[in-house]
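Take a look at the fold below.

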Amino acid sequence: MARRILIAGNWKMNGLQSDGLALASALATHMRGTSDPAFEMLVCPPFTLISKVVDAVAGSGIQVGGQDCHAAEKGAHTGDTSAWMLKDLGCTYAIVGHSERRTDHGENDATVKAKAEAALAAGLRAIVCIGETLEERDAGKTLDVNRTQLHGSLPAGATAENTVIAYEPVWAIGTGRTATPEQAQEVHAMIRSELVGKLGQGVADAMRVLYGGSMNPKNAKELLAQQDIDGGLIGGASLKADDFWAVAQSCP
Ligand code: PEP
């Protein structure tokens, strides 16, 4: 089944207003000059830039997402942002369970599942991140760890339309060390087969599974050519418009 490639940029905690605007505008110019792109493009700026980026990419086809959301709709949660607030700003996606959130904020699978369910309830699509550490890979636990995180983090009511999985080996994030296409494909194939058991063949065939971890213009083509890799969640290389655009141009 043909799945539409998703090229998603995670800007993390980077960019003042002028940087964010310049990056978003450059990408929007690329997109506006492309008829019928072979991919869907998403950028996830820091919260402070979302409104400006939504305006800058308006009409280009580029979508905007949040990097996280709270599980509750509103209330006494100082410093947090709800999925409904992201939606209100014009976002269409929220990343949940990024390994930096799991590490820096002690998020576990239950937290991630609750956040993903909030994203769906608010009318956003959830990008649910999973991935093993180097220690877990070296101990031969890669498939088990990812299987457990997948089952624990998948939101109730997940469909191929409202949920995307991102496999991001923690040891490859921001390190310049990328999983080989074979290493990534092995995990992606496992994820898809688990999705068959959990959601049925039709949903599993249609649900997108992204790879993330030092994806860049040099390695994107080979990674994106893998049978079960349906796009990328890109950190560092998403901060330069030309690099991010070059990754998008690597779509098969
Ligand atoms: C990420 O933050 O999701 C990521 C994959 O980062 P990088 O591309 O920099 O490894």
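**Two helices side by side**

Gln17, Gly20, Leu21, Ala24, Ser25, Ala28 and Arg32 in α1 meet Lys52, Val53, Ala56 and Val57 in α2. By class, this contact of α1 with α2 has 6 nonpolar, 3 polar and 2 charged residues. Contact means heavy atoms within 4.5 Å. Nonpolar covers Ala, Val, Leu, Ile, Met, Phe, Trp, Tyr, Cys and Pro; charged covers Asp, Glu, Lys and Arg; the others, Gly among them, are polar.

The model is predicted: local features need pLDDT of at least 70, side-chain atom pairs count only at pLDDT 80 or more, and totals for chains, interfaces and linings use all residues. Residues are numbered from 1 along each chain as its sequence is written, and side-chain values use heavy atoms, with hydrogens and water left out.

Helix α1 spans residues 17–32 and helix α2 residues 50–57. Helices are DSSP runs (H or I, at least four residues), numbered from the N terminus. The axes of α1 and α2 lie 8 Å apart, at an angle of about 25°. The two helices are therefore roughly parallel (angles under 35 degrees).

Now the core. The largest nonpolar core has 65 residues. Such a core joins buried Ala, Val, Leu, Ile, Met, Phe, Trp, Tyr and Cys residues through side-chain atoms within 4.5 Å. Ile7 and Phe39 are among those with the most contacts inside it. A second, separate core of 12 residues includes Ala8 and Cys44.

Finally, asparagine 146 sits in helix α7 (residues 142–153). Is asparagine 146 buried or exposed? At 0% relative accessibility, asparagine 146 counts as buried (under 20% relative accessible area; exposed is over 50%, partly exposed in between; 1.4 Å probe, protein chains only).

Key: Axes are lines fitted to C-alpha atoms, for helices over the stretch in contact, and angles run from 0 to 180 degrees between N-to-C directions. Angles under 35 degrees count as roughly parallel, over 145 as roughly antiparallel, 65 to 115 as roughly perpendicular and the rest as oblique.
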